[in-house]
Amino acid sequence: MHVFENLGKKKVVIGMVHLGALPGTPFSEPGDYAAVRQKALSDALALEAGGADGCVVQNAGDRVFAIDNADPAIVAAMTDIVREIANATKPEFQIGVQILRNDLKGALAIAHVCGGSFLRCGALIGSTITASGIMEGNPYEFQAYRKRIGAQNVKLFAEIHSMHFTWLGGRPIADIARNARYAGASAVSLCDPDEAVTLDLIAQIRAAAPDLPIIVGGYTDHENVARILATADGAIVGSAFEKGGRGGAVQVEAVRDYVDIVSRL
């Protein structure tokens, strides 16, 4: 069953597979790739063993990013890693892809060819400012490409409020959410370090689009997840599962304890 088919029926937990620096990127070192690949596989297997519904494979360790078109070496490495994870996990374990800063076509191609089932889209629509520069969605061009390669089965969730960017134009979150759904998003993702802000954003979207699934894309942990997921449909979890914080090895018990809390909601 696709992860999005569960939204609204159960609370979905998706763990992050934060990759180390990939070949050809400024902070990579010769010979690092084998270890990066092995850690990614180990993290995905730990997420599956802990009961997570799936993972997002993301090149966070590259640290600096092109806005739209990633280096072919990044796409090649992530293709290799996603295929390895898909081969090692059960079919029901859902694999998402995100190439930072916003290479949606590259991520879609990887997911479509290698057994991924969804994308985390930094900018499906609109314009945002990031540490890498201005990030702009191009939904027409992207959806034309998605149709051309026959990848409509790869679902999209659109980040609409994030730790990674600020919207240009100050549009209401409910309008952004509706526009994302109209452009083809199956769900929207949001997060804020302030729990009260997160809950308010969820409430605004619920009022405007009651049937649109909402995934909290960061800042949840074992202490606050019951409060936050009381109203949201799922969470993407990174550092709360990783030993020592972001980029550390995923800990099976941390995943299992979090999933247990969510399962009781």
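**Entry 1: H3 against H4**

I began with helix H3 (residues 72-88) and H4, whose axes come within 9 Å and cross at roughly 30°; the coordinates I am reading are those of a predicted model. The crossing of these two helices, H3 and H4, is right-handed. On the H3 side I listed Val75, Met78, Thr79, Val82, Arg83 and Ala86 as making the contact, and on the H4 side Ile110, Val113 and Cys114. Sorted by kind, the residues of the contact of H3 with H4 give 7 nonpolar, 1 polar and 1 charged.

**Entry 2: H4 against H5**

I then followed H4 to helix H5 (residues 139-148), where the axes come within 10 Å and the crossing angle is roughly 20°. Angles under 35 degrees count as roughly parallel, and H4 and H5 are therefore roughly parallel to each other. I noted that H4 passes H5 in a right-handed crossing. Leu104, Lys105, Leu108 and Ala109 of H4 make this contact with Glu141, Phe142, Tyr145 and Arg146 of H5. Here the division of the contact of H4 with H5 is 5 nonpolar, no polar and 3 charged.

I also looked at how H4 (residues 104-114) sits on the strands, and found that this helix lies across E3 and strand E4 (118-121), running at about 165° to E4.

**Entry 3: H6 against H7**

How do H6 and H7 lie to each other? The axes of helix H6 (residues 173-182) and helix H7 (residues 195-208) come within 9 Å and cross at roughly 55°, and the two helices are therefore oblique to each other. I recorded the passage of H6 over H7 as a right-handed crossing. The contact is made by Ile173, Ala174, Ala177 and Arg178 from H6, together with Leu201, Gln204, Ile205 and Ala208 from H7. The residues of this contact of H6 with H7 divide into 6 nonpolar, 1 polar and 1 charged.

**Entry 4: the barrel**

Turning to the strands, I traced a closed barrel of 8 strands in the order E1-E2-E3-E4-E7-E9-E10-E11, with parallel pairing. From one strand to the next the twist averages 25°.

**Entry 5: the open sheet**

I next looked up an open sheet of 3 strands, ordered E6-E5-E8 and paired in the antiparallel sense. Its edge strands are E6 and strand E8 (165-167), each of which pairs on one side only. On average, and with direction ignored, neighbouring strands of this sheet are turned by 35° against each other.

Strand E5 (residues 127-130) pairs with E6 in the antiparallel sense over 4 bridges, and E5 and E6 form a hairpin with 2 residues between them. In that pairing Thr128 stands opposite Met135 in E6.

**Entry 6: Met135**

Is Met135 buried or exposed? This residue, placed in strand E6 (residues 133-136), counts as buried at 1% relative accessibility, since the cut-off for buried is under 20%. Leaving aside neighbours within four places in sequence, I found Met135 in contact with Ile67, Arg101, Asn102, Gly122, Ala123, Gly126, Ser127, Thr128, Thr130 and Phe165. I also checked the C-alpha atoms of Met135 and Thr166, which are 31 residues apart along the chain and separated by 9.8 Å.

**Entry 7: backbone exceptions**

A cis peptide bond joins Leu100 and Arg101, with omega about 10°. Arg101 lies in the loop between E3 and H4, and Arg101 is also one of the contacts of Met135.

Arg63, not a glycine, has a positive phi of about 75°. I located Arg63 in the loop between E2 and H3, where this residue is exposed, with a relative accessible area of 56%.

Tyr219 likewise has a positive phi, here of about 70°, without being a glycine. Its place is in the loop between strand E10 (214-216) and helix H8 (225-228), and at a relative accessible area of 38% Tyr219 is partly exposed.

Conventions:
Residues are numbered from 1 along each chain as its sequence is written. This is a predicted model: local features need pLDDT of at least 70, side-chain atom pairs count only at pLDDT 80 or more; totals for chains, interfaces and linings use all residues. Side-chain values use heavy atoms; hydrogens and water are left out. Two strands pair if DSSP finds at least two bridges between them. Axes are lines fitted to C-alpha atoms, for helices over the stretch in contact, and angles run from 0 to 180 degrees between N-to-C directions. Contact means heavy atoms within 4.5 Å. Angles under 35 degrees count as roughly parallel, over 145 as roughly antiparallel, 65 to 115 as roughly perpendicular and the rest as oblique. A crossing is left-handed if the near helix is turned anticlockwise from the far one by less than a right angle, and right-handed if clockwise. Ala, Val, Leu, Ile, Met, Phe, Trp, Tyr, Cys and Pro count as nonpolar, Asp, Glu, Lys and Arg as charged, and the others, Gly among them, as polar. Buried means under 20% relative accessible area, exposed over 50%, partly exposed in between (1.4 Å probe, protein chains only).
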